[in-house]
Amino acid sequence: MSDQPLGVVLKLVSGETIICQVISDTEKTMIVRDPYLINIISEKHAHGVKASTYYSDWFMGTTSRVHMLRKEHVMSAAIPDSAVKKDYASLVEIRNESEQEKKNASEFSWDELNFKIPDQYDPSRN
């Protein structure tokens with residue numbers, strides 16, 4: 001699917017694994033968009049180990065979707081497998097839809113509802 005964002009998995013020196021879009025790459029820095037922390041929980045079962053993956057915002061407490069990352073903080077980079085690509089595309093789509101909803105809400109006008117106020121309306125009678 002060519003309209004899906006091309007996510008890259010980065011292993012950071014902090015031990016974190018993130019998926020993001022690299023939108024700029026210089027000698028010392030990367031500019032990344034929509035970074036998500038990849039969290040894996042492993043549970044031991046009678047028939048082996050079950051791993052569950054979930055994602056969270058990598059850079060909490062900000063509305064910015066674009067961040068600068070120093071290359072010295074990146075240990076490795078890889079192309080994600082198809083399941084992670086699909087998950088990432090869904091996360092970015094949800095974020096895009098959420099931003100569109102916020103934009104639409106901020107553009108809301110009560111005048112658009114065409115409320116009619118009676119000519120003899122007296123607010124002091126309430």
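Biologist: What pattern does the protein chain follow, read along the sequence?

Modeller: The protein chain follows the pattern β-β-β-β-β-β-α, with one helix and six strands. Helices (H or I, at least four residues) and strands (E, at least two) are DSSP runs, numbered from the N terminus. This is a predicted model, in which local features need pLDDT of at least 70, side-chain atom pairs count only at pLDDT 80 or more, and totals for chains, interfaces and linings use all residues. Residues are numbered from 1 along each chain as its sequence is written, and side-chain values use heavy atoms, with hydrogens and water left out.

Biologist: What percentage of the residues of the protein chain count as buried?

Modeller: Buried means under 20% relative accessible area, exposed over 50%, and partly exposed in between (1.4 Å probe, protein chains only). Of the 126 residues of the protein chain, 25% count as buried.

Biologist: Which residues form the largest nonpolar core?

Modeller: A nonpolar core is a set of buried Ala, Val, Leu, Ile, Met, Phe, Trp, Tyr and Cys residues joined through side-chain atoms within 4.5 Å. Here the largest has eleven residues: V8, L10, L12, I18, C20, M30, V32, L37, W58, L69 and V74. At least two residues of this core come from each of β1 (8-12), β2 (17-25) and β3 (29-45). Another core, of nine residues, lies apart from it and includes V9, I38, L91 and V92.

Biologist: With which residues is L69 in contact, leaving aside its neighbours within four places in sequence?

Modeller: Contact means heavy atoms within 4.5 Å. On that basis, L69 is in contact with L10, L12, I18, K28, T29, M30, W58 and V74, its neighbours within four places in sequence being left aside.

Biologist: In which sense do β3 and strand β4 pair?

Modeller: Two strands pair if DSSP finds at least two bridges between them. In this model, β3 and β4 (residues 48-57) pair in the antiparallel sense over ten bridges, and a hairpin joins β3 to β4 through two residues. N39 is found in β3 and stands opposite Y54 in β4.

Biologist: Why does N39 count as buried?

Modeller: N39 counts as buried because its relative accessibility is 15%. Its polar contacts may be read next: a polar contact is a pair of N or O atoms within 3.5 Å; within protein, one must be able to donate a hydrogen and the other to accept it, and residues adjacent in sequence count only if both atoms are side-chain atoms. The side chains of N39 and S56 are joined by a polar contact of 3.2 Å, and the side chain of N39 reaches the backbone oxygen of L37 at 3.4 Å.

Biologist: Is H67 buried or exposed?

Modeller: H67, in strand β5 (residues 66-70), counts as buried at 9% relative accessibility. The side chain of H67 reaches the backbone oxygen of S64 at 3.2 Å.

Biologist: How many residues has helix α1?

Modeller: The expected span of a helix is 1.5 Å times one less than its number of residues. Helix α1 (residues 82-106) has 25 residues and reaches 36 Å from its first C-alpha to its last, close to the 36 Å expected. At the start of α1, a side-chain oxygen of D81 reaches to within 3.2 Å of the backbone nitrogen of A83.

Biologist: Which residues of α1 are buried?

Modeller: An α-helix has 3.6 residues a turn, so residues three or four places apart point the same way. In α1 the buried residues are V84, Y88, A89, L91, V92 and R95. Their cover includes β2, β3 and β4.
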